[in-house]
Amino acid sequence: DPDEPCERNLEVEMVGFGRADEWSHGVESPLLAQLSVWESGEEVCCLAAIDSIGFSVRNSQLLREALADAVGVTATRVMLCFSHTHSAPNESASPEYFRFVCEKLTGGAKSALKSMVPVHIGWGNVPVKIGVNRRGGRVDERAGVLRVCTENGAAALVLLRLTAHCNSLKADNYLLSPDYFGRVRTLLSGRCGCPVLLTQ
């Protein structure tokens, strides 16, 4: 719930730059985990987008299984997406942080399952030129957009898929931050009049 940010005065180990000192010095912008639960006929699935460079394979599987249990499906029906910010905690080095993320997301999944409503969706791709492949390979210049509206036509959610490295902050940054993903969500949520969920 973005209206109820978690304020904790914990120094956490960050991940992404391989620095000798990876300990955070504060918060630049709150991190966000977003979750949506979908049902079509008898099929239910869950999508979670998390401000993190990524979780270990083991922890990702544990979280997928917890979310699957929360919504009554198998883990194959749960997808995790990570923003890839280099300014988030190392969940493998901070079990308390990992437990906190799991608790918040599983609680959110249970709430979402109870409050589901019929929606209309539309999908499209638009060309964007925000990515550069520094290794010389191809760049996916499409941004996929899924718009979700309630039955009366009100915007309920925009899901935006970007293919760009979420790392504009450099190794001299020691503040927790969703990096530019946070700014994009804030800007587009205001323009769209509904939450914007970003995936990589």
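How many of the residues of strand S4 (residues 78–82) are buried? I found that 4 of its 5 residues are buried, and the strand is thus mostly covered. Buried here means under 20% relative accessible area, exposed means over 50%, and partly exposed lies in between (1.4 Å probe, protein chains only).

**Entry 1: basis.** I noted that this is a predicted model, in which local features need pLDDT of at least 70 and side-chain atom pairs count only at pLDDT 80 or more, while totals for chains, interfaces and linings use all residues. Residues are numbered from 1 along each chain as its sequence is written, and side-chain values use heavy atoms, with hydrogens and water left out.

**Entry 2: strands S3 and S4.** I took helices (H or I, at least four residues) and strands (E, at least two) as DSSP runs, numbered from the N terminus. Two strands pair if DSSP finds at least two bridges between them. S3 and S4 pair in the parallel sense, over 5 bridges. In S4, I located Leu-80 as the bridge partner of Ala-48.

**Entry 3: the open sheet.** I then looked up a sheet of 4 strands, which is open, has mixed pairing and runs in the order S5-S6-S7-S9. Its edge strands are S5 and strand S9 (196–199), each of which pairs on one side only. Neighbouring strands of this sheet are turned by 15° against each other on average, direction ignored. For angles, axes are lines fitted to C-alpha atoms, for helices over the stretch in contact, and the values run from 0 to 180 degrees between N-to-C directions.

I followed S6 (residues 142–150) and S7 (residues 155–161), which pair in the antiparallel sense over 6 bridges. Val-148 has Leu-157 in S7 as its bridge partner. Helix H3 (residues 180–192) packs on the sheet and touches S7 and S9, where contact means heavy atoms within 4.5 Å. The direction of H3 makes about 145° with that of S9.

**Entry 4: salt bridges.** I counted a salt bridge where a side-chain nitrogen of Lys or Arg lies within 4 Å of a carboxyl oxygen of Asp or Glu. By this rule the count comes to 7 salt bridges.

Which residue forms a salt bridge with Asp-51? It is Arg-185, with the closest N and O atoms 2.7 Å apart. Arg-185 is in helix H3 and Asp-51 in the loop between strand S3 (43–50) and helix H1 (57–71), so I recorded a link between distant parts of the chain, 134 residues apart. Both Arg-185 and Asp-51 are buried.

Glu-28 and Arg-183 meet through their side chains in a salt bridge (2.8 Å, N to O). This pair also links distant parts of the chain, with Glu-28 in the loop between strand S1 (26–27) and strand S2 (33–40) and Arg-183 in helix H3, 155 residues apart. I noted that Glu-28 counts as partly exposed because its relative accessibility is 34%, and that Arg-183 is exposed because its relative accessible area is 51%.

A further salt bridge joins the side chains of Arg-19 and Glu-22 (2.9 Å, N to O). Arg-19 is buried at 13% relative accessible area, and Glu-22 is buried at 8%. I also recorded a network of salt bridges that links Asp-140, Arg-142 and Arg-161.

**Entry 5: an exposed residue.** Is Val-117 buried or exposed? I read its relative accessibility as 54%, so Val-117 counts as exposed. Val-117 is placed in the loop between helix H2 (95–114) and strand S5 (119–127).
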